[in-house]
Amino acid sequence: MHLSRFPRVHLAHLPTPLEPMKRLSKELGVELWIKRDDCTGMSTGGNKTRKLEFLMAEAIEQGADMVMTQGATQTNHGRQTAAYAAKLGLACHILLEDRTGYNNPNYNTNGNVLLDHLHGATTEKFAAGHDMPAEMERAAEKRRAEGHNVYVIPGGGSNPTGALGYVNCAFELLNQVNTSGMKIDRLVHATGSSGTQAGLVAGMSAMNAQIPILGIGTRAPQPKQEQMVYDLACKTVDKLGCSGIVKREDVIANTDYVGEGYGIPTESGIEAIRMFAEFEGILLDPCYSAKGAAGLIDLARKGAFKDERVVFLHTGGAAALGGYDFAFDTSDRWVTL
């Protein structure tokens, strides 16, 4: 697959490591590996950095002097977009939707929000339920009237251009396992705005990898989540010039671990954060990667991965932990010697 024919800004730290999780594997009785896309660089990294390599290149090609995007208050995508814009000398504006109703000051000003501002981005806040793509277009038109050439990036960077980042990730992962002679039985990751899973499905289908991909949902009900991923995967392979290779059965999402809603921590997610931190020294975030890991852990305990070698794709997000301090009780860690 000739991805170099698409504009790309090579800023990500690639390839990301593929590592065994030996202690967690022993605890759960399943052979677990982790693909460290929390190590992609750009303001602590994460999965959006791969997407932004292609999205920001397209913005530059179109002569943009400002990029604009939207997401939840603690959006990892917004933080990585702001970092890319800073690196490339572009203005950045982020529309933040309050999807939780939290009034906690750390949630609203710390974590990713603090980093957005440190990177020079401007932000504005919207109550839940707004038509955010429409709000973004209105904001973009206002900036265009002021003389800016605005490039609009959808939430999560999830369009066919952004999904190319995870087509590339699929190729990268296959190269790592083929070079080492390792067989993968399943790939598991958190799925939300659909671009990561759609790109992986498109890339794996193009390579006939025959590796099942399980997305653990963080927001939408299963039928909607799977349809979003399938539609975007189809558009992505159209862009690649190999239409028709993605089958509906290639798209699998489990949405049993969403909890009360997007961005709202769950007990199983908090347990996953603690387990990854205490067994492997790896940090997750409460709204996204922790819910993916919660699904991984629960399914492993239920025997869903019996005799399989499973790779968990870490989508990053630890920068958001500073906004979720209220979700953790670490008082038992204080001791007097």
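The lining of the second largest pocket has 7 nonpolar, 3 polar and 2 charged residues. That pocket holds about 190 Å³ of space. The model is predicted. The largest pocket has a volume of about 780 Å³, and its lining draws at least three residues from each of domain 1 (3–46 + 159–329) and domain 2 (48–153).

**Second largest pocket**

- V201, M204, S205, N208, A209, Q210, I211, P212, I213, E249, D250 and I252 line the second largest pocket.
- Helix α8 (residues 195–206) gives the largest share of this lining, 3 residues.

**Largest pocket**

- The largest pocket is lined by 34 residues.
- Nearest the centre of the largest pocket lie Q70, G155, G156, S193 and R219.
- Two or more lining residues come from each of β3 (66–72), α3 (76–88), α6 (132–145) and α9 (222–240).
- Helix α9 supplies the largest share of the lining of the largest pocket, with 6 residues.
- By class, the lining of the largest pocket splits into 12 nonpolar, 14 polar and 8 charged residues.
- Empty space of this kind is found by rolling a probe the size of a water molecule over the atoms.

**Sheet**

- An open sheet is built from 4 strands in the order β5-β4-β3-β6.
- The pairing in this sheet is parallel.
- β5 (122–127) and β6 (150–152) stand at the edges with a single partner strand each, so one side of each has no neighbour in the sheet.
- On average, neighbouring strands of the sheet are turned by 25 degrees against each other, direction ignored.
- Strands of a sheet pair through backbone hydrogen bonds, either parallel or antiparallel.
- β3 pairs with strand β4 (residues 91–98) in the parallel sense, over 7 bridges.
- M66 stands opposite A91 in β4.

**Annotated span**

- The unreviewed UniProt entry places the feature "domain: Tryptophan synthase beta chain-like PALP" at residues 11–316.
- Residues 11–316 are 45% helix and 17% strand.
- The end C-alpha atoms of this span lie 17 Å apart.

Terms used
Residues are numbered from 1 along each chain as its sequence is written. This is a predicted model: local features need pLDDT of at least 70, side-chain atom pairs count only at pLDDT 80 or more; totals for chains, interfaces and linings use all residues. Side-chain values use heavy atoms; hydrogens and water are left out. UniProt positions are given in the numbering used here, feature names are shortened, and annotations may be inferred rather than shown by experiment. On a 1 Å grid over the protein atoms alone, a cavity is a set of points where a 1.4 Å probe fits but cannot get out, and a pocket is an open set with protein on both sides within 12 Å along at least five of seven lines; lining residues have an atom within 4 Å of a point. Grid points are joined across faces, edges and corners, and a volume is the space filled by probe spheres set on the points. Ala, Val, Leu, Ile, Met, Phe, Trp, Tyr, Cys and Pro count as nonpolar, Asp, Glu, Lys and Arg as charged, and the others, Gly among them, as polar. Domain bounds come from an automatic or database domain assignment. Two strands pair if DSSP finds at least two bridges between them. Axes are lines fitted to C-alpha atoms, for helices over the stretch in contact, and angles run from 0 to 180 degrees between N-to-C directions.
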